[in-house]
Each structure stands twice: as structure tokens, then as C-alpha cells.
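Colleague: I would like to learn how to read a few features in a model. Can we start with charged side chains?

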Amino acid sequence: MQEHVLGDGRRHVSAFKTDGEIAWPLSNASMGEIREFYEAVKPSDICIISVDSVVEATSRPAELMETLYSAAKDEVARDQARMLTLARSSAAERLAGFLVDLAGRTGRQTKRGVELKLNMRRERIADHLGMQPETISRIMSTFKKDGAIQLPRPTVVIIPNIRTLANIAYGAG
């Protein structure tokens, strides 16, 4: 989880990273009064790599830079989509979109649907989506009652039909 803390103490979870994803820290020049933290929400291996030393060690630096550029471009596109979602979507649409995005990145197909492990606390999800934890709990209960999700355990979400949740996320449900 990537979190930023403003000078006045306000916090914002800016990203939940998954296996194999790259974290792009803010540059020191752009940080100002913002402090940046990373927290593992599940047991993790973290590797901090200097791009300069990797470029020097590789026999194909152009391919490496292209890969890094592509990853950065994907991250920017995901951030832009999330900003639009935060600005123009209802709370239910934001939570559904978060679950659909997470399902695409970490979900595992089972007989019952796409299974997600939510290793992060509801408070962190709420912060990420600009909501209160109570709102997250209330919407999850509504999604469960409506059959859009199943909650066999507090840290597991099963999405029986991803299209149902996607329709909610994108305003069609």
C-alpha cells in the first residue's frame, strides 16, 4: 500500500500494489510537505532497484527502458481513471470499480466466481476511495444482499458474475 501524508497530518492511500507491480515514489523535488510511506498488507518480498545501475548492467538497456516506460504509462492511465471515478461516481460505483480492478489484477477464478483476498483493512479501502469505513461496510452488505458479491470470510470476496459488478461500477447497474 502506498500512502501519502500531508504536512497537516491528513492521509491518503494512493495505491494498493499487487505482486509484480512497480511502485513509483514521488520525486524529492515534488514532495514539498508530503511524506510517503509504503506498508505491506500481506507478507511480501520487496526489492528496491536503482534504475541507473540496472541499465548499466543490462545488455539491452533500450528494451528495459521501454518496459519501464510501458509500466509507468499503465500506472498513469490507471491513476487518471481512478481520479475520474473519484470525482464523478457514486460511492457504490467507486467501491464496485475498486473490486473490479482488483479482481482483474489479483483475482482467482473459482467455481463460485472470481475470488479476491482483501488483505487491507476497510479503513484503508475507504481512505483510498474517499469514503468513510461505515460506507464501505454498508455498500458491501448491499452488494451481498443483491447477490453481486459473496463474503464467506471478512478477508475474502467472491464475485459470482464480474459483469454485474462492472455494470454497477460504470453506472449501468
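Predicted model: local features only at pLDDT ≥ 70, side-chain atom pairs only at ≥ 80, totals over all residues.

Colleague: Is Glu115 buried or exposed?

Modeller: Buried means under 20% relative accessible area. Glu115 has 10%, so Glu115 is buried.

Colleague: Which residues are linked with Glu115 in a network of salt bridges?

Modeller: The network links Arg108, Glu115 and Lys117.

Colleague: How many salt bridges does the structure hold?

Modeller: The structure holds 6. One of them joins the side chains of Arg121 and Glu123, at 3.5 Å from N to O. Glu123 has 42% relative accessibility and therefore counts as partly exposed.

Colleague: Where does Lys145 find a salt-bridge partner?

Modeller: At Asp146. The closest N and O atoms of that pair are 3.8 Å apart. For accessibility, the cut-off for exposed is over 50%. Asp146 is exposed at 55%. Lys145 is exposed at 68%.

Colleague: Now helices. What should I know before looking for buried positions?

Modeller: An α-helix has 3.6 residues a turn, so residues three or four places apart point the same way.

Colleague: Which residues of helix H5 are buried?

Modeller: Helix H5 covers residues 122-129. Its buried residues are Arg124, Ile125, Ala126, His128 and Leu129.

Colleague: Next, helix pairs. How do the axes of H4 and H7 cross?

Modeller: Look at the distance and the angle together. H4 spans residues 91-106 and H7 spans residues 162-169. Their axes come within 7 Å and cross at roughly 135°.

Colleague: Why are H4 and H7 called oblique to each other?

Modeller: Angles over 145 degrees count as roughly antiparallel, and 65 to 115 as roughly perpendicular. The crossing is at roughly 135°, so H4 and H7 are oblique to each other. H4 passes H7 in a left-handed crossing.

Colleague: Which residues make the contact between H4 and H7?

Modeller: From H4 come Ala92, Glu93, Ala96, Gly97, Leu99, Val100 and Ala103. H7 supplies Ile162, Leu165, Ala166, Ile168 and Ala169.

Colleague: How many residues of that contact are nonpolar, polar and charged?

Modeller: The contact of H4 with H7 has 10 nonpolar residues, 1 polar and 1 charged.

Definitions and conventions:
Residues numbered from 1 in each chain as written. Heavy atoms only, no water. Axes fitted to C-alpha atoms, helices over the stretch in contact; angles between N-to-C directions. Helix = DSSP H or I, 4+ residues; strand = E, 2+ residues; numbered from the N terminus. Parallel < 35°, antiparallel > 145°, perpendicular 65-115°, else oblique. Left-handed = near helix turned anticlockwise from the far one by under 90°. Contact = heavy atoms within 4.5 Å. Nonpolar A, V, L, I, M, F, W, Y, C, P; charged D, E, K, R; others polar. Salt bridge = Lys/Arg side-chain N within 4 Å of Asp/Glu carboxyl O. Buried < 20%, exposed > 50% of the residue type's maximum accessible area, 1.4 Å probe, protein only.
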